[in-house]
Amino acid sequence: MTSVTDGRPEDDQPLLSVRNLTKHYPLTDGLLGTETGRVRAVDGIDFDVYPGETVGLVGESGCGKSTAARALLGLEEPTAGTVVFDGEDVTAFDDAACKRFRRRAQLLFQDPDSSLDPRMSVGDAIAEPLLVQGLTAATRRREIVADLLERVGLSAADAERYPHELSGGQKQRVGLARALSVNPDLLVADEPTAALDVSVQSEILALLADLQASVGLSIVLISHDLGVVRQLCDRIAVMYLGEIVERGPTEDVFTDPQHPYTRALLASIPTTDPRDRGTAVSLTGDVPSPSNPPSGCRFHTRCPEVIQPDGYDIEQRIWRRIMDLRQHLANETVDGEARASTTTLRETFSLPAQLEDDRADAVLETALEQIAAGDPDRAAALLATEFATPCERRAPSLEVTEAGQDAACLRHD
Ligand SMILES: Nc1ncnc2c1ncn2[C@@H]1O[C@H](COP(=O)(O)OP(=O)(O)OP(=O)(O)O)[C@@H](O)[C@H]1O
């Protein structure tokens with residue numbers, strides 16, 4: 001019998017299997033050259049890509065998507081973890097195996113200009129990987145180039161042109177032809193349409209979908225754009241600050257998201273439906289630095305659904321603001337509030353004059369009095385003790401939810 005995990009039959013063999021992929025960059029002191037910390041760009045991510053499917057890696061800018069792509073292609077050495085491609089460990093490859101892997105797994109860049117040499121004709125650019133792989137017969141190379149140009153919607157005559165004569169969309173088509181020239185099994189497309197005009201974006205996405213259907217390519221699509229991902233991907237992994245927070249079949253994640261971060265991302269997609277107006281939860285606070293990620297669940301400093309401590313019953317929206325106040329105190333950004341009245345402080349931090357939960361209100365009022373008395377550290381300590389959330393203490397693991405997909409959120413525990 002076939003059991004299903006993450007939307008796939010278990011007895012299917014993945015083409016690519018990424019386990020605990022981790023990449024930390026050292027932070028060094030410019031003068032002394034000593035290590036002062038680490039940027040945790042990617043922290044233990046797991047996902048599989050099966051033959052012929054497209055898997056999306058989505059998340060805000062800086063969450064580690066490109067680092068994950070470079071590490072899984074062997075362009076950067078991971079700090080930890082394994083990448084198994086067609087049954088073999090990529091990190092253990094010798095030079096010859098590495099060369100074969102480089103042919104079978106291709107990278108498509110966001111900005112075609114960065115991958116095309118302005119002095120090289122389109123034909124030469126597409127033929128270059130063939131030459132590197134040992135195809136020395138010039139006539140055969142020309143035939144392949146002509147065929148590839150037509151497959152990506154250009155014409156054989158375009159082989160004679162140079163990158164500066166092409167539009168952005170045409171250049172991305174050339175980039176795609178170049179990546180496909182060596183018949184790869186896997187294409188890693190890093191924001192392939194982000195540098196293009198909106199009108200051209202959908203043409204390139206349609207082309208990717210067509211090519212995938214005709215040659216059975218597997219694709220890892222990296223994008224911050226949920227619309228792009230929904231259009232193309234069979235399954236997606238949502239990343240936040242170097243970690244996967246939700247993973248599953250695209251339609252399941254879009255129709256019934258199980259992680260508050262995914263819900264917030266989806267709510268941020270502009271909608272024309274008037275019934276949707278005003279229901280969107282927007283994220284507060286800045287994306288924390290990957291060199292000093294929050295404790296517990298990394299999303300707790302911005303999460304609209306952060307868990308309340310036992311015994312309190314505070315409106316969730318207000319609870320988020322109390323957590324934001326704790327954040328301000330921790331960041332020492334409330335110093336100038338001394339000598340204000342607690343009423344003014346409540347207004348400053350968008351807190352109501354009276355919380356519905358009397359016990360919570362008494363704690364809050366005491367903390368605000370301490371801030372007003374010029375002792376924000378005491379207020380921070382009181383709020384940290386009374387209003388501690390499990391989300392700041394325990395890091396959730398990625399577990400299968402009742403909805404079917406995996407999510408890393410303590411609410412599912
Ligand atoms: N070589 C490096 N040294 C130190 N930090 C790095 C290095 N490369 C990336 N980072 C940091 O790691 C984090 C993840 O970067 P990455 O480029 O993978 O994110 P991303 O999700 O692809 O973002 P974007 O969409 O902006 O490209 C960022 O905070 C980035 O500043």
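## Annotated region, ligand shell and a helix pair

Over residues 16–266, the chain is 39% helix and 27% strand. The end C-alpha atoms of that stretch are 27 Å apart. This is a predicted model. An unreviewed UniProt entry annotates residues 16–266 as "domain: ABC transporter".

Next, the ligand. The ligand is surrounded by 13 residues. Tyr-25, Ala-41, Ser-61, Ser-66 and Thr-67 are the closest. Two elements each give two or more residues to this shell: strand E4 (35–49) and helix H1 (65–72). H1 supplies the largest share, three residues. By class, the shell has five nonpolar, seven polar and one charged residues.

Now the helix pair. Helix H4 spans residues 122–132, and helix H6 spans residues 168–180. Their axes come within 7 Å and cross at roughly 30 degrees. Angles under 35 degrees count as roughly parallel, and H4 and H6 are therefore roughly parallel to each other. Their crossing is right-handed.

Which residues of H4 and H6 meet? On the H4 side they are Val-122, Ala-125, Ile-126 and Pro-129. On the H6 side they are Val-174, Ala-177 and Arg-178. The residues of this contact divide into six nonpolar, no polar and one charged.

Methods: Residues are numbered from 1 along each chain as its sequence is written. This is a predicted model: local features need pLDDT of at least 70, side-chain atom pairs count only at pLDDT 80 or more; totals for chains, interfaces and linings use all residues. Axes are lines fitted to C-alpha atoms, for helices over the stretch in contact, and angles run from 0 to 180 degrees between N-to-C directions. Helices (H or I, at least four residues) and strands (E, at least two) are DSSP runs, numbered from the N terminus. Angles under 35 degrees count as roughly parallel, over 145 as roughly antiparallel, 65 to 115 as roughly perpendicular and the rest as oblique. A crossing is left-handed if the near helix is turned anticlockwise from the far one by less than a right angle, and right-handed if clockwise. Two residues are in contact if their C-beta atoms, placed from the backbone, lie within 7 Å. Ala, Val, Leu, Ile, Met, Phe, Trp, Tyr, Cys and Pro count as nonpolar, Asp, Glu, Lys and Arg as charged, and the others, Gly among them, as polar. UniProt positions are given in the numbering used here, feature names are shortened, and annotations may be inferred rather than shown by experiment. A residue is near a molecule or strand if its C-beta atom, placed from the backbone, lies within 6 Å of it.
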